Amino acid sequence: MQRVELRDCWDHEALDFTPWLAQDDNLVFLSEAIGISLELVTIEQNVGRYSADLLCRDRDTGQWVVIENQLEETNHSHLGQLITYVAGVQGSTVIWIARQFTEEHRAAMDWLNEATVQETRFFGIEIELWRIGEGDTVAPRFNVVSRPNDFSKKTTARREATITPTSSQYRYWSAFMERVRSAGDWPLANTRPKDSRWISFPTGTNAYWLSLNTSASGKWINVQIYCNGRRALEYFERLKAQQAAIEADLGPLDWEIAGGHHYVARYRRDSDPADEAQWADQHAWLREQAIAFHKGFFPYLTGETM
């Protein structure tokens, strides 16, 4: 194995490293290093005048996770941004990734873990790159240099309590993924079931995600194309310009801007995801609509969230 300089792989933090980290496989590497199962929500999340590199959710708890990246040694500017981000998005976890942590910044992260409320956690991560053999393949290594005290034990206990094979939402999506796998014609990537109201699938561009969503309180399920990142409105308007062509294939859709989110959806009302007797019928509808959305939308899905 041979150590590889980060800049040899990524020239620019925002344009190169952040999109790389946002990929599912690479978030899995980071998840394994810190003991939190991360799900990407958006790239370049606006927080006031600033923009956080990645906004994720903890799959186990649904809480926010803010990630800030550096390809260089840590500095005061990024430390201040992290505190701004966690306050601005009411984040419960902050992850600071850098080539190297100074002793002062490592101590600052340790102090934040001691001084802030228990629900707020700070992780300091040093990233390395290693080339395996003589080929071009490189592998990341995430070294945790600062973490909350006793975090591993608390995380294990929380997971055992909150995500089990018997949790309703976990079983809902497990049954759905089993259905699409057994059908053999699923055009999207497989994903892991989770204890959440939604499940998402990549579309080949970070600008858009295909998402399946449920609401037990509202008694509905839907399929949607979610516009992602700080240019979400631009991506939404790009699709809206093709509304006539898209709806010629798919029929009328809901084009929605709500709470800072931009998406195009189809709802099935009077559907209770908490009623297990309805699952088979709901899963058949979700599968049918997701396949239709894949066929109808994907010719129009372009763009990058930079």
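Which residues of strand 10 point one way, and which the other way? Trp 220, Asn 222, Gln 224 and Tyr 226 point one way from strand 10, whereas Ile 221, Val 223, Ile 225 and Cys 227 point the other way, and all are buried. Buried here means under 20% relative accessible area, exposed over 50%, and partly exposed in between, with a 1.4 Å probe and protein chains only. The model is predicted: local features need pLDDT of at least 70, side-chain atom pairs count only at pLDDT 80 or more, and totals for chains, interfaces and linings use all residues. Residues are numbered from 1 along each chain as its sequence is written, and side-chain values use heavy atoms, with hydrogens and water left out.

Strand 10 is mostly covered, with eight of its eight residues buried. Helices (H or I, at least four residues) and strands (E, at least two) are DSSP runs numbered from the N terminus, and two strands pair if DSSP finds at least two bridges between them. Strand 10 pairs with strand 9 in the antiparallel sense over eight bridges, and Tyr 208 stands opposite Cys 227. The hairpin of strand 9 and strand 10 has four residues between the strands, and Lys 219 takes a positive phi near 60 degrees there. Strand 10 also pairs with strand 12, in the antiparallel sense over eight bridges; the partner of Trp 220 in strand 12 is Arg 269.

Arg 269 also lies over the face of Tyr 267, at 4.1 Å from the ring centre. A charge sits over a ring if NZ of Lys or CZ of Arg is within 6 Å of the ring centre and within 35 degrees of the ring normal. Lys 240 lies over the face of Trp 255, at 5.7 Å from the ring centre. Lys 240 belongs to helix 8 (residues 232-240), as does Glu 237. Glu 237 counts as partly exposed because its relative accessibility is 47%. Between Glu 237 and Cys 227 there are 10 residues in sequence and 9.8 Å in space, C-alpha to C-alpha.

Aromatic pairs come next. The whole structure holds 13 of them; rings of Phe, Tyr and Trp (its six-membered ring) pair if their centres lie within 6.5 Å, and planes under 30 degrees apart count as stacked, over 60 as edge-to-face and the rest as tilted. The pair of Trp 10 and Trp 20 is tilted, because the ring centres are 4.8 Å apart and the planes stand at 55 degrees. This pair links distant parts of the chain, with Trp 10 in the loop between helix 1 (6-9) and helix 2 (13-22) and Trp 20 in helix 2, 10 residues apart. Both Trp 10 and Trp 20 are buried. Trp 96 and Phe 101 form an edge-to-face pair, 5.1 Å centre to centre with 65 degrees between the planes. Trp 96 is buried at a relative accessible area of 0%, and Phe 101 is buried at 3%. Elsewhere, ring pairs link Tyr 172, Trp 173, Phe 176, Trp 186, Phe 201 and Trp 279 into a cluster.
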